[in-house]
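Subject: Model handover

Hello,

Please find the structure below, with notes to follow.

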Amino acid sequence: MKKHFLLLSTALFMLPACTAPVEKKISDEMVTTIASDFFVALETGDTTLMKSLLTEDFEMFEHDVVWNVDSLLSLMPNTLGRKWSIVDPVIQTEAGIAHIYYFNQGINPSDRSWYESMLLESTETGPKIKFMHSTKLYLK
């Protein structure tokens, strides 16, 4: 009886470990690729690519505007042909989340720049951008 109790107790103790979701580590390379792809999607108007990069509850704060997936997708026709450059990225990762912040220099047009950051989270389909913050810099 003691043997069965011990076996049952051990099995019940280990059950949550077997069914718990696995937090997938996000590599620095994944973060830089996703950040780069975000701007490629804006430049080319690739809404399919953009949707694949964002969580369903994505939000972005830029100036006095709060963007979500739908409002960002509706903006994309206005960003066709623009180019950006991520400069001096700093990446921090832990378990299933990652944070990148960087200086974003506009290439086309070149008179615009921003300080930005992205928060990524691991999802069943891979890492995605959950939150982004963008502060426009006014060059003189």
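Predicted model: local features only at pLDDT ≥ 70, side-chain atom pairs only at ≥ 80, totals over all residues.

Residues are numbered from 1 along each chain as its sequence is written, and side-chain values use heavy atoms, with hydrogens and water left out.

The largest pocket holds about 310 Å³ of space. A pocket here is an open set of points on a 1 Å grid over the protein atoms alone, where a 1.4 Å probe fits, with protein on both sides within 12 Å along at least five of seven lines; lining residues have an atom within 4 Å of a point. Points are joined across faces, edges and corners, and the volume is the space filled by probe spheres set on them. The lining of the largest pocket has 23 residues, and E62, L75, R82, W84 and W114 lie nearest its centre. Elements giving two or more residues to this lining include α2 (28-44), α4 (69-75) and β1 (54-62); helices (H or I, at least four residues) and strands (E, at least two) are DSSP runs, numbered from the N terminus.

Strands. Two strands pair if DSSP finds at least two bridges between them. β4 and β5 pair in the antiparallel sense over nine bridges, and a hairpin of four residues joins them. β5 and β6 are also antiparallel, with 11 bridges, and their hairpin has two residues. In the latter pairing, E121 stands opposite K128 in β6.

Aromatic pairs. The whole structure has five of these, where rings of Phe, Tyr and Trp (its six-membered ring) pair if their centres lie within 6.5 Å, and planes under 30 degrees apart count as stacked, over 60 as edge-to-face and the rest as tilted. F61 and F131 are edge-to-face, at 4.9 Å centre to centre and 85° between the planes. This pair links strand β1 to strand β6, 70 residues apart. F61 is partly exposed at 33% relative accessible area, as is F131 at 25% (buried is under 20%, exposed over 50%, partly exposed in between; 1.4 Å probe, protein chains only). F103 and Y115 have ring centres 5.9 Å apart and planes at 65°, so this pair is edge-to-face. F103 stands opposite Y115 in β5. Ring pairs also link F38, F39, W84 and Y102 into a cluster.

Regards
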